[in-house]
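Dear colleague,

Please find below the structure that I am handing over to you.

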Amino acid sequence: MAEIIEMPKLSDTMTVGTLVKWLKKEGETVENGDKLAEVETDKATMELENFDDGVLLKHYVSEGDQVEIGSPVCAIGDEGEEAPAVDGVSSAGAPEKNQNAPEPGEKPQVEEPVTEDSVTEESESGERILASPLARKIAKEKGIDLQTIKGSGPRGRIVKADVLGAIESGTTTAAAAGTVKEIQPSATTSSSPVSAGLFPEGAETKVSNMRATIARRLLESKTTVPHFYLEIEVDAAPLIALRKSVNDGLADLPPESGGAKFSVNDLTLKASAEALRRVPEVNASWAETKIVRHGAVHLAFAVAIDDGLVTPVIRDAHAKSLRQISAEAKEYAVKAKNKKLTPDEMSGSTFTVTNLGMFGVTSFFGIINPPNAAILSVGATVAKPVVNQAGEIVVGHRMNIGISADHRVVDGAIGARYLAALKEIIEAPALMLV
């Protein structure tokens, strides 16, 4: 008897999954352990594993569909067997589609917004023609008379799709020189000139499961956790010198002989873990009736990906060497970019580090990543004039480091002690190597 495969709960906070890609086709023989599809959860893209032997009889959902936990995804049974009927699926077995839905691989059509600076033209008969800047640009390039096109937008506005559709159907007429004159937007409707083609058209992007989860968690953190902020400027020159010395010494060695290249981020991750070992009160969580001080540093670090932000966790970072932390950070960053991080690799953090220095940002404060009590924000190292111990103005290399802390757990003095410890380590980085 055919077995219906339902959408499983692939993460602890998942409510729906988006079927990104089918890995097995209808009619294909599958075995226990095969991967049926790729599913995007609220945290990562994971593979849907098969636990039956047989033939994949039917796909109940299409690529790109969002599927609630427990809803049918596909059916597996014996060859020639009829797949069970499922609500919302046609008798032919293919998922019932919205007739207006785009085909796979086709970009969704986004209705162009009506703006006050929409371009209008006037025909010889005096009739006003409303068209979007992009529609007008395409029509002009193709030599098409906008009077021959029926607009599908609000108030009959001609949009890009109308022009392209008219071209495809051959219902357009070439514009005759001088038949249409352009009306410039009046001062009462717009104060800026039309700049069609100089900027992409507005668009709407459907919120992914990951982005929705990020939005929910950050809103919850910012509105329920009492943040306070501290910042300190540190002398990053010793850290940069150490990095150069270490990298120069290992540059000629192959990886199997110990060759490696460390980044400033690797060093700040190691330094932040060492500072937490010295000030463990920051490595804690608020639990309503108690404050939980964690017995290990599970260090999360922010990685930006195309459609969101993920925070893989380096476990027991307080007990790991710079080389171990660097290797794990690089491995997780690659997996994050490929959406291959598992929920286990992104959960259980006790402290988070976010670094925007590589983008030239010198100072900022991140939003706390619950249930952490604090997040460290690392800015870029910049060369600037400083006064040395001899009272001379010299060129220094300074880095701003900020901390956002949960005031229920961390008081100002504790936060300040943590930053002072971190400053001491960064300005004498050999301390983190022992």
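**Two helices in contact**

Leu239, Leu242 and Arg243 in helix α4 meet Val264, Leu267 and Thr268 in helix α5. Sorted by class, this contact of α4 with α5 comprises four nonpolar residues, one polar residue and one charged residue. Helix α4 covers residues 237–250 and helix α5 covers residues 264–278; the two pack at an angle of about 115 degrees, and their axes are 10 Å apart. The crossing in which α4 passes α5 is right-handed.

**The model as a whole**

Please keep in mind that this is a predicted model. The protein chain has 434 residues, of which 41% are buried. Its secondary structure comes to seven helices and 21 strands. Of the contacts between residues at least 6 apart in sequence, 63% join residues at least 24 apart.

Strands of a sheet pair through backbone hydrogen bonds, in either a parallel or an antiparallel manner.

Strand β2, which spans residues 16–22, is joined to β7 by three bridges, and the two run antiparallel. Within this pairing, Val16 stands opposite Glu68 in β7.

**Strand β6 and its partners**

Strand β6 (residues 54–59) is mostly covered, since six of its six residues are buried. Strand β3 (residues 29–30) pairs with β6 in the antiparallel sense over two bridges. Thr29 has Val55 in β6 as its bridge partner. Strand β6 also pairs with strand β8 (residues 72–77), again in the antiparallel sense, over four bridges. Here the bridge partner of Val55 is Gly77 in β8.

**Aromatic pairs**

A pair of aromatic rings is described by the distance of the centres and the angle of the planes. The structure holds two such pairs. Tyr229 and Phe365 form a tilted pair, with 5.1 Å from centre to centre and 50 degrees between the planes. Tyr229 lies in strand β12 (residues 227–235), whereas Phe365 lies in the loop between β19 (351–355) and β20 (374–387), so the pair ties together parts that are 136 residues apart in sequence. Tyr229 has 34% relative accessibility and therefore counts as partly exposed. Phe365, at 35% relative accessibility, likewise counts as partly exposed.

Phe351 and Tyr418 also form a tilted pair, at 5.6 Å centre to centre and with 55 degrees between the planes. Phe351 belongs to strand β19 and Tyr418 to helix α7 (residues 412–427), so this pair ties together parts that are 67 residues apart in sequence. Are Phe351 and Tyr418 buried or exposed? Both residues are buried.

Yours sincerely

Note on methods:
Residues are numbered from 1 along each chain as its sequence is written. This is a predicted model: local features need pLDDT of at least 70, side-chain atom pairs count only at pLDDT 80 or more; totals for chains, interfaces and linings use all residues. Side-chain values use heavy atoms; hydrogens and water are left out. Two strands pair if DSSP finds at least two bridges between them. Rings of Phe, Tyr and Trp (its six-membered ring) pair if their centres lie within 6.5 Å; planes under 30 degrees apart count as stacked, over 60 as edge-to-face and the rest as tilted. Buried means under 20% relative accessible area, exposed over 50%, partly exposed in between (1.4 Å probe, protein chains only). Axes are lines fitted to C-alpha atoms, for helices over the stretch in contact, and angles run from 0 to 180 degrees between N-to-C directions. A crossing is left-handed if the near helix is turned anticlockwise from the far one by less than a right angle, and right-handed if clockwise. Contact means heavy atoms within 4.5 Å. Ala, Val, Leu, Ile, Met, Phe, Trp, Tyr, Cys and Pro count as nonpolar, Asp, Glu, Lys and Arg as charged, and the others, Gly among them, as polar.
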